[in-house]
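Let's take a tour of a protein chain together, from its overall build down to a few individual residues. Have a look at the sequence and the structure first.

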Amino acid sequence: MMNKSIFRTTLLMAASAVVLAACGGSGDVDENAIVLHRGNSAEPLTLDPHKASGTWENNVIGDMFIGLFTDDANAAPIPGMAESWTVSEDGLTWTFVLREAVWSDGVPVTAGDFEYAFQRILNPATLAQYSSLLYPIENAQAVNSGEMPLEAVGVEALDDRTLEIRLENPAPYLPGLLTHYTTFPVPRHVVEQYGDQWIQPEHIAVNGPYELVQWSTNNFVHVQRNPLFYDNENVCIDEVFYYPTVDAAAGVRRVQNGELDLNNEFPGQHIDRLRREMPDYVRVHPYMGTVYFSLNNDFEPFSDARVRNALGMAINREFLAEEIYRDGRSAAYSLVPPDVANYAGGVEAEWADWPMEQRRERARELLMEAGYGPDNPLEFEYSHRSTGDNPRIAPVVQQDWDSIADWVNVSIVQIETQIHYENLRSADYQAGDGGWIADYNDPYNFLFLAEERSIPMNYSRYRNPEYDDLVSRANQELDMEVRASMMAEAEQMMIDDMPIIPVVFYVNRAVVSPEVTGWEDNIVHIHRTRFMCLQDAE
């Protein structure tokens with residue numbers, strides 16, 4: 001029998017040959033290089049950190065760029081470009097001293113690059129979908145809405161190595177937020193020279209462990225080690241290929257066949273078989289995220305909270321979790337998952353403990369109160385992502401809603417994941433599935449999704465001034481216990497209105513070859529390649 005490591009090497013050499021053939025021979029892989037092949041869920045729409053919005057984009061971007069803080073192997077925030085920092089007594093001013101580092105073209109990384117980057121992402125002309133994540137920064141919202149000039153953003157380069165960030169309110173979660181790609185620096189000298197083309201392999205400059213070699217659309221993204229990265233001596237993997245594995249089952253087969261070293265998802269219904277056939281590969285772990293359905297509140301039926309609550313009541317979450325996902329997920333009756341830091345919790349829909357028949361009966365009553373019935377049927381379209389378990393969930397949810405009454409008619413449509421999220425952000429949908437994975441460990445990273453100012457990330461277009469005011473006042477509160485209680489009060493208000501329908505709390509699922517070292521299961525499912533290696537290479 002062929003030695004396991006030789007067999008794996010043979011397969012990966014063959015896979016690399018296929019890659020090179022597909023890309024016409026460019027981006028040649030050194031036969032002595034340590035190469036990692038990663039299944040990565042979906043095709044990136046962009047690799048610009050100021051225009052990205054997907055976890056699959058983050059997996060690549062976070063290997064190329066480093067913010068003030070970065071993720072360690074366990075996805076906990078650790079110093080990145082920040083060498084040291086101080087915080088003012090009121091918690092509103094953070095001053096960072098940057099480490100000495102250079103971009104991959106040899107130009108020094110300066111505090112001015114950070115100042116420029118924050119102004120760029122908050123510039124309304126950039127059309128950054130994720131800019132609202134930065135609204136805790138002084139004047140960020142006003143700048144992003146065009147009410148103030150870019151220079152008003154509370155991020156200032158005091159000198160080349162000193163950066164000051166001023167906040168609207170205390171943010172104990174700031175180190176976690178500063179690991180997010182929205183806060184990454186960009187090379188001003190490159191962006192200003194090449195504009196939107198700066199991210200192309202022939203132009204790009206990065207400050208992280210890997211630099212872009214090639215992006216073959218719907219095929220792979222190829223990166224290689226950046227020899228000028230400040231911690232390059234501790235990086236093991238030389239080159240990485242990221243593949244869009246929209247079909248998770250096919251991705252798993254590619255791992256089984258030795259074509260991929262890992263795939264960051266697998267279908268939940270396959271878990272028992274995979275645990276039998278490849279137990280050393282299966283990774284399942286709690287995930288700080290929630291699957292939820294958005295209801296477009298600008299679409300007439302969903303402007304009525306009675307209709308929204310009726311649809312929320314009718315979903316049998318326990319059945320979805322236990323019989324469809326079957327991977328350890330639990331039913332969600334709140335948006336914020338259990339065990340999130342700085343939170344009181346205890347929030348859930350008032351009907352969460354009702355038997356399903358009672359819930360469906362009440363849902364029928366609510367819809368009739370809202371004016372729907374045999375002579376005025378409730379009809380809408382439910383769109384869902386093409387990846388993961390979502391195609392299997394859709395018909396079950398459709399049946400749950402149709403079971404309310406024979407005058408409830410729901411059609412379903414499957415859409416490519418990236419396009420689906422773009423439709424959610426632009427409100428070009430009626431009801432749609434989706435999910436949220438925390439960017440940092442604090443309830444506000446979930447609750448901001450329902451603030452009016454967070455549109456377009458507020459997919460439902462929920463507008464409740466009372467909710468917005470309560471969340472804002474909570475963020476001004478220095479007493480963390482008081483803040484936690486206020487946040488929970490706000491979430492309860494939103495859940496009672498049901499602009500979105502929480503469905504299940506995530507677990508992360510992956511198949512990872514035992515040959516891969518340095519992959520650590522963690523609550524946000526972030527795994528930076530710089531901490532990984534292959535057993536034969538150690």
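What follows is a short report that moves from the whole chain to single sites.

## The chain as a whole

Please keep in mind that this is a predicted model. The protein chain holds 16 helices and 19 strands. Its radius of gyration is 24 Å, close to the 24 Å that the globule rule gives for 538 residues, so the chain is as compact as a globular protein of that length. Along the principal axes, the C-alpha atoms fill a box of roughly 70 × 65 × 40 Å.

Of the 538 residues, 60% are buried. Take the contacts between residues at least 6 apart in sequence: 69% of them join residues at least 24 apart.

## Surface and charge

The protein chain exposes about 20600 Å², and carbon and sulfur atoms supply 47% of that area. As for charge, there are 36 positive and 84 negative side chains. The centres of these two sets lie 5 Å apart.

## Helix H16 and its neighbours

Helix H16 runs over residues 480-497, which makes 18 residues. From first C-alpha to last, H16 reaches 26 Å, close to the 26 Å expected at 1.5 Å a residue.

Which residues of H16 are buried? They are Arg483, Ala484, Met486, Met487, Ala488, Ala490, Glu491, Met493, Met494 and Ile495.

Ser294 sits in strand E12, which covers residues 282-295. Why does Ser294 count as buried? Its relative accessible area is 2%, and the cut-off for buried is under 20%. Leaving aside residues up to four places away in sequence, Ser294 touches Tyr429, Gln430, Ala431, Gly432, Tyr459, Pro499 and Ile500.

Trp436 belongs to strand E16 (residues 431-437). Trp436 is buried as well, with a relative accessible area of 4%. With residues up to four places away in sequence again left out, the residues that Trp436 touches include Tyr130, Met288, Gly289, Thr290, Tyr292, Asn445, Phe446 and Tyr506. Trp436 and Phe446 are 10 residues apart in sequence, and their C-alpha atoms are 7.7 Å apart in space.

## Backbone details in the loops

The peptide bond from Ile455 to Pro456 is cis, with omega near 20 degrees. Pro456 lies in the loop between H14 and H15.

Ser41 is not a glycine, yet it has a positive phi of about 70 degrees. You will find Ser41 in the loop between strand E1 (35-39) and helix H2 (55-64). Asp339, also not a glycine, has a positive phi of about 70 degrees, and its place is the loop between strand E13 (330-331) and helix H11 (356-369). Are these two sites buried or exposed? Ser41 counts as buried at 13% relative accessibility, whereas Asp339 is exposed, with a relative accessible area of 74%.

Terms used. Residues are numbered from 1 along each chain as its sequence is written. This is a predicted model: local features need pLDDT of at least 70, side-chain atom pairs count only at pLDDT 80 or more; totals for chains, interfaces and linings use all residues. Side-chain values use heavy atoms; hydrogens and water are left out. Helices (H or I, at least four residues) and strands (E, at least two) are DSSP runs, numbered from the N terminus. The radius of gyration is taken over C-alpha atoms; the globule rule is 2.2 Å times the number of residues to the power 0.38. Buried means under 20% relative accessible area, exposed over 50%, partly exposed in between (1.4 Å probe, protein chains only). Contact means heavy atoms within 4.5 Å. Accessible areas come from the Shrake-Rupley method with a 1.4 Å probe; for residues, only the protein chains shown count as cover. Lys and Arg count as positive and Asp and Glu as negative; His and the chain ends are not counted. The place of a charge is taken as NZ of Lys, CZ of Arg, CG of Asp or CD of Glu. The expected span of a helix is 1.5 Å times one less than its number of residues.
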